[in-house]
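User: Could you walk me through how to read a few features of a protein model? I would like the general idea and then the case at hand.

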Amino acid sequence: MAQDNLTGILYGINDIRLEQTPIEEPGDNEVLIEMACVGICGSDVHYLVNGKIGDFVVRKPMIIGHESAGVVSKLGKGVTNLKVGDRVAIEPGVPCRVCEFCKTGCYNLCKDIVFCATPPVHGSLRRFYKHAADFCFKLPDHVTLEEGALMEPLSVGVHACKRANISIGSTVLILGAGPIGLVSLLVAKAMGAAKIVITDLVQNRLDIAKKLGADDTLLISRNMSEAETVAKIHQLCGGEPDKTIDACGAQSSIRLAILATRSGGVTVLVGMGPAEVQVPLINALVREVDIRGVFRYANDYADALNLLSSQKIDVKPLITHNYKLEDTVAAFETAKSGQGVIKVMIHCK
């Protein structure tokens with residue numbers, strides 16, 4: 001009997017189907033993984049609703065999913081770092097390893113990176129999936145497979161906080177309390193930030209942020225002026241934040257990030273919104289506010305795993321909904337609704 005390889009495939013806008021696909025043979029330096037957990041990311045929902053993100057367009061059916069963990073079930077013949085039965089978190093972007101970006105450690109900028117569930121590359125939402133062995137991270141016994149899947153968004157938070165140079169005594173403003181804002185909050189706290197204020201348009205997300213350790217929260221109101229919002233942020237921060245992370249991507253949010261950050265501070269932009277936005281660039285220039293982009297992560301999975309295994313942070317409260325692989329369509333409906341949702345986790349076994 002052929003083995004079951006039920007797979008979640010995005011055919012087009014609002015069209016996800018479950019189908020059987022062949023189980024692939026791992027190449028020399030790859031492992032076959034029996035998938036356990038796959039989280040739904042905002043980008044997955046974006047592809048489902050819009051069929052594209054920027055220049056990445058879903059032109060033909062694509063297997064979805066990139067926040068994932070599972071158990072090694074077969075080794076390629078060159079693999080030495082793992083063995084069958086190892087529980088692993090999967091870093092979903094495999095770069096070329098030879099270009100200048102890769103050699104200088106900025107492999108997230110590699111032009112030939114192959115990234116799960118970014119068109120036209122297939123993702124990991126299936127019973128069995130093969131991946132480069134050196135981009136699989138063995139989980140210690142006390143770290144769950146759910147936490148392993150959450151290492152993907154967590155690594156974005158690690159990368160963002162490193163780009164912001166957060167350290168002991170930093171005052172940090174985080175705009176947006178979705179999954180990326182919340183993991184950035186956890187990491188900033190672990191890095192020694194003295195004060196963290198987080199904003200959002202939705203109160204229940206701020207309640208979760210408070211539980212995760214935010215010092216203060218601000219419910220952004222659409223009828224407050226920009227200047228009033230900045231003043232309110234400064235009041236809550238007890239001054240001007242020296243590090244700001246925008247985990248939202250909306251023009252209004254990027255503007256706030258620049259205007260609220262103190263002179264000589266750093267604004268890190270993680271959220272991806274429209275291709276062009278109007279921002280107070282001259283304000284940033286005359287105050288020497290550094291504006292830094294974040295694209296995924298590079299060399300951050302090991303640090304994310306360290307934060308989890310040392311129990312310096314707990315990501316489990318981020319999982320608000322759980323579904324079986326068979327119920328993938330319903331899982332995406334929940335993720336799309338956004339109602340009381342932080343992270344939807346699909347269980348593949």
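Analyst: Happy to; we will go through ring pairs, charges, a sheet, backbone angles and the surface in turn. Keep in mind that this is a predicted model.

User: Let's begin with the rings. How many aromatic pairs does a search of the whole structure find?

Analyst: The general idea is that an aromatic ring pair is described by the distance between centres and the angle between planes. Searching the whole structure here gives 3 aromatic pairs. One of them joins Y107 and F135 in an edge-to-face arrangement, with 5.7 Å from centre to centre and 85° between the planes. Y107 sits in the loop between α2 (100–103) and β10 (114–115), while F135 sits in the loop between β11 (128–132) and β12 (136–138), so this contact ties together parts that are 28 residues apart in sequence.

User: Which residues form an aromatic cluster?

Analyst: F137, Y297 and Y301 form one aromatic cluster.

User: And where do charges sit over rings?

Analyst: Take R17, whose charged end sits over the ring of Y11 at 3.7 Å from the ring's centre. R296 lies over the face of F115, 3.6 Å from the ring centre.

User: Now for salt bridges. How many does a search of the whole structure find?

Analyst: In general, side chains of opposite charge can pair when their charged atoms come close. The search of the whole structure finds 18 salt bridges. Among them is the one between D28 and K77, at 3.1 Å from N to O. D28 is partly exposed because its relative accessibility is 42%, whereas K77 counts as exposed at 74%.

User: What does the bridge between K343 and E67 look like?

Analyst: The closest N and O atoms of K343 and E67 are 3.0 Å apart. K343 belongs to strand β20 (residues 343–347) and E67 to strand β7, so to speak of sequence distance, they are 276 residues apart and link distant parts of the chain. Both K343 and E67 are buried.

User: Which other salt bridges would you point out?

Analyst: D314 and K316 form one, with 3.6 Å between the closest N and O atoms. D314 is partly exposed at 35% relative accessible area, and K316 is partly exposed at 43%. There is also a network in which salt bridges that share partners join D4, R127 and E326.

User: Which backbone angles deserve a look here?

Analyst: As a rule, most residues other than glycine have a negative phi, and most peptide bonds are trans. In this model, the P119 to P120 peptide bond is cis, with omega near 5°, and P120 is in the loop between β10 and β11. N14 has a positive phi near 50° without being a glycine; N14 lies in the loop between β1 and β2 and is partly exposed at 46% relative accessibility. R97, also not a glycine, has a positive phi of about 75°. R97 is in the loop between β9 (93–94) and α2, and counts as partly exposed at 40% relative accessibility.

User: Finally, which residues form a nonpolar patch on the surface?

Analyst: I282, L285 and V286 do, and together they have about 330 Å² of accessible area. V286 is placed in helix α8 (residues 281–286) and is exposed, with a relative accessible area of 60%.

How values were computed:
Residues numbered from 1 in each chain as written. Predicted model: local features only at pLDDT ≥ 70, side-chain atom pairs only at ≥ 80, totals over all residues. Heavy atoms only, no water. Patch = residues over 30% accessible without salt bridge, like charges linked within 9 Å, V, L, I, M, F, W, Y side chains within 5 Å. Areas by Shrake-Rupley, 256 points an atom, 1.4 Å probe, with all protein chains shown as cover. Salt bridge = Lys/Arg side-chain N within 4 Å of Asp/Glu carboxyl O. Helix = DSSP H or I, 4+ residues; strand = E, 2+ residues; numbered from the N terminus. Buried < 20%, exposed > 50% of the residue type's maximum accessible area, 1.4 Å probe, protein only. Phe/Tyr/Trp six-rings, centres within 6.5 Å; stacked < 30°, edge-to-face > 60°. Lys NZ or Arg CZ within 6 Å of the ring centre and 35° of its normal.
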